Amino acid sequence: MQNIHHSNMAPELSQSVLLLDKQRFNNHLSTLLTDLLSESENGDIPWALNWLKKAFLYNVPHGKQIRGLLVPLTVRGLESCPSEKQITEAYILGWCVEILQACCLVADDIMDKSETRRGRPCWYKVDGLESLAFNDAMLLEQIVYRIITKYFKDTNFYSTLLELFLNTTYKTVLGQCVDTHAGRNQNYEGYPKLQDGRYRFTIEKYKAIVKYKTSYYTFHLPITLGATILGLKDIKTLKHLEQFALKLGYLFQVQDDFLDCFAPENLTGKIGTDIQNGKCTWLFICAKDSSSQEELEQLLDNYGYEDKHKVDIVKNLFEHLQIRSKCIEHVRNLTQELTEHLKQLNNNKEISVLMGYLLETVVSVPMI
């Protein structure tokens with residue numbers, strides 16, 4: 001097993017502080033859930049509230065919490081002595097990001113026909129829910145706005161928070177739209193049997209999907225939430241943060257594509273389905289661009305089908321074309337580019353420290 005590892009851990013963001021943040025962050029979850037379940041206006045539908053609790057506890061708290069913890073991390077990275085109030089606000093908004101993530105995963109698993117998530121059956125597989133789980137995805141999204149209203153309605157940045165979450169959700173759904181329809185149409189550039197050119201699989205299309213489907217809600221949203229808590233309004237700094245978040249999101253998604261194909265379930269907690277769903281992934285584009293005409297026809301004849309034999313043909317072709325090693329090299333190059341980007345920020349220590357740790361977190365994911 002290979003690790004692509006970048007060591008840029010800053011003393012200001014010590015492991016002890018980050019571990020304490022994680023513990024305190026998790027302690028806030030029960031308070032948020034209790035507040036939701038005790039709303040008097042919904043007391044006449046106890047069954048629905050019990051179901052909300054079940055859906056919440058199954059889908060929200062069991063992830064790596066990277067997105068949620070990025071909010072307090074950003075606050076600490078941009079402010080050397082944040083107040084206790086600011087840190088608490090960061091924990092609450094961090095859970096809002098995690099709840100939004102859970103909402104996206106519930107819906108995504110249904111659309112992708114996934115079997116497992118985080119080492120357990122996908123939510124729509126529980127209790128025979130199937131398509132009924134879409135309502136739970138919507139329920140989880142609405143919980144985000146209940147929390148924001150309850151805790152931030154009287155702040156001077158309440159409307160900013162609502163706008164951030166609404167805009168990010170819209171971008172994410174747009175990205176998901178392109179992602180799912182691209183696979184559904186199985187419209188691969190260069191394949192003579194397919195005439196409609198709306199959904200060609202190119203690196204430009206891939207980057208657009210990643211930007212909207214992944215980067216905004218995974219990195220840009222939590223980082224911007226942290227900056228909002230601190231009242232940061234410097235346009236240049238905010239632009240730096242956005243550019244870095246989008247680039248980091250691209251690196252994150254390339255790694256995720258790799259893991260979906262090559263990683264065992266005990267590492268990722270899920271069974272990969274990108275090949276079966278005909279997804280526009282970095283691996284597919286690299287294989288398409290590396291293939292001979294005969295290999296390309298073989299790739300396109302077998303990509304996007306649930307048949308295990310066809311999936312194995314695609315994976316064997318990936319190995320033959322050395323897609324595994326090419327992807328690892330691509331991640332190394334992307335990491336180096338982001339490292340060079342950090343060097344240009346030496347005049348802004350706080351941002352450099354924060355971005356360095358974010359890069360450290362993402363590229364410490366094992367590449368098999």
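## Loops, rings and charges

K113 counts as exposed, with a relative accessibility of 52%. Exposed means over 50% relative accessible area, buried under 20%, and partly exposed in between (1.4 Å probe, protein chains only). The model is predicted: local features need pLDDT of at least 70, side-chain atom pairs count only at pLDDT 80 or more, and totals for chains, interfaces and linings use all residues. Residues are numbered from 1 along each chain as its sequence is written, and side-chain values use heavy atoms, without hydrogens or water.

K113 sits in the loop between α4 (84-112) and β2 (116-117). Helices (H or I, at least four residues) and strands (E, at least two) are DSSP runs, numbered from the N terminus. K113 is not a glycine, yet its phi is positive, about 55°. D127 also has a positive phi, near 55°. D127 lies in the loop between β3 (120-121) and α5 (133-152). D127 is exposed at 54%.

The structure holds 12 aromatic pairs. One of them is Y58 and W123: centres 5.1 Å apart, planes at 45°, so tilted. Rings of Phe, Tyr and Trp (its six-membered ring) pair if their centres lie within 6.5 Å; planes under 30 degrees apart are stacked, over 60 edge-to-face, the rest tilted. Y58 is in helix α2 (residues 46-59) and W123 in the loop between β3 and α5, so the pair ties together parts 65 residues apart in sequence. W123 is buried at 2%. Y58 is buried at 18%. W47, W51, Y58 and W123 form one aromatic cluster.

Two charges over rings follow. NZ of Lys or CZ of Arg must be within 6 Å of the ring centre and within 35 degrees of the ring normal.

| Charge | Ring | Distance to ring centre |
|---|---|---|
| K207 | Y250 | 5.7 Å |
| K310 | Y305 | 4.9 Å |
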